[in-house]
Amino acid sequence: MTLFEKIIAREIPAEIVYEDDDVIAFRDIDPKAPTHIVITTKRPIPTLNDIDDNDAELMGKMILAAKKIAVSEKIDKSGYRIVFNCNKDGGQSVYHIHCHLMGGRSMTWPPG
């Protein structure tokens, strides 16, 4: 069971900022920006490489959740970044598909 599955099951505490039937979002425990929220699917999918056409709606729900959270966190006007990491070299550390919503400061490019 992944860390995120334990958060979804409420076995590990997290500061949940958004939840619906398919998606859950919580504050990152090691934030890289003033606002840093992890958005993940409730159904475990290990990586972006594991999605297929049947997951298009679910992936869209993650992006729409990010937009809603950006509004509620008041970073929608100033700007924000949504990042998906895939596998080790992409920086993925929890193998349960998720994205990071970050804002509250100016983002640089390239990211790292």
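In strand S2, Ala25 is the bridge partner of Tyr18, and the two strands S1 and S2 form a hairpin in which three residues lie between them. Strands here are DSSP runs of E with at least two residues, while helices are runs of H or I with at least four residues, and both are numbered from the N terminus. S1 and S2 pair in the antiparallel sense over three bridges, where pairing requires that DSSP finds at least two bridges between two strands.

The model is predicted, and local features need pLDDT of at least 70, side-chain atom pairs count only at pLDDT 80 or more, and totals for chains, interfaces and linings use all residues. Residues are numbered from 1 along each chain as its sequence is written, and side-chain values use heavy atoms, with hydrogens and water left out.

As a general point, strands of a sheet pair through backbone hydrogen bonds, either parallel or antiparallel.

## Strand S5 and its two partners

Strand S3 (residues 35–41) is joined to S5 by six bridges, and the two run antiparallel. Along this pairing, Thr35 stands opposite Gly103, and Ile37 has Leu101 as its bridge partner. S4 also pairs with S5 in the antiparallel sense, over five bridges, with Cys99 in S5 as the bridge partner of Phe84.

Is S5 mostly covered or uncovered? S5 is mostly covered, since six of its six residues are buried, where buried means under 20% relative accessible area, exposed means over 50%, and partly exposed lies in between (1.4 Å probe, protein chains only). Both faces of S5 are covered, with His98, His100 and Met102 buried on one side and Cys99, Leu101 and Gly103 buried on the other.

## The loop between S4 and S5

His96 lies in the loop between S4 and S5 (98–103), and His96 is buried because its relative accessible area is 0%. Leaving aside neighbours within four places in sequence, His96 is in contact with several residues, among them Thr2, Phe4, Ile8, Arg43 and Pro46; contact means heavy atoms within 4.5 Å.

Gln92 is found in the loop between S4 and S5, and Gln92 counts as buried because its relative accessibility is 6%. Not counting residues up to four places away in sequence, Gln92 touches Pro46, Thr47, Asn85, Cys86, Asn87 and His98. Gln92 and Pro46 are 46 residues apart along the chain, and their C-alpha atoms are separated by 9.9 Å.

Ile82 lies in strand S4 (residues 80–84), and Ile82 counts as partly exposed because its relative accessible area is 30%. Together with Ile63 and Tyr80, Ile82 forms a nonpolar patch on the surface, with about 220 Å² of accessible area for the three together. Accessible areas come from the Shrake-Rupley method with a 1.4 Å probe, and for residues only the protein chains shown count as cover. Patches are made of residues with over 30% relative accessible area and no salt bridge, with like charges joined within 9 Å and nonpolar side chains (Val, Leu, Ile, Met, Phe, Trp, Tyr) within 5 Å. A salt bridge is a side-chain nitrogen of Lys or Arg within 4 Å of a carboxyl oxygen of Asp or Glu.
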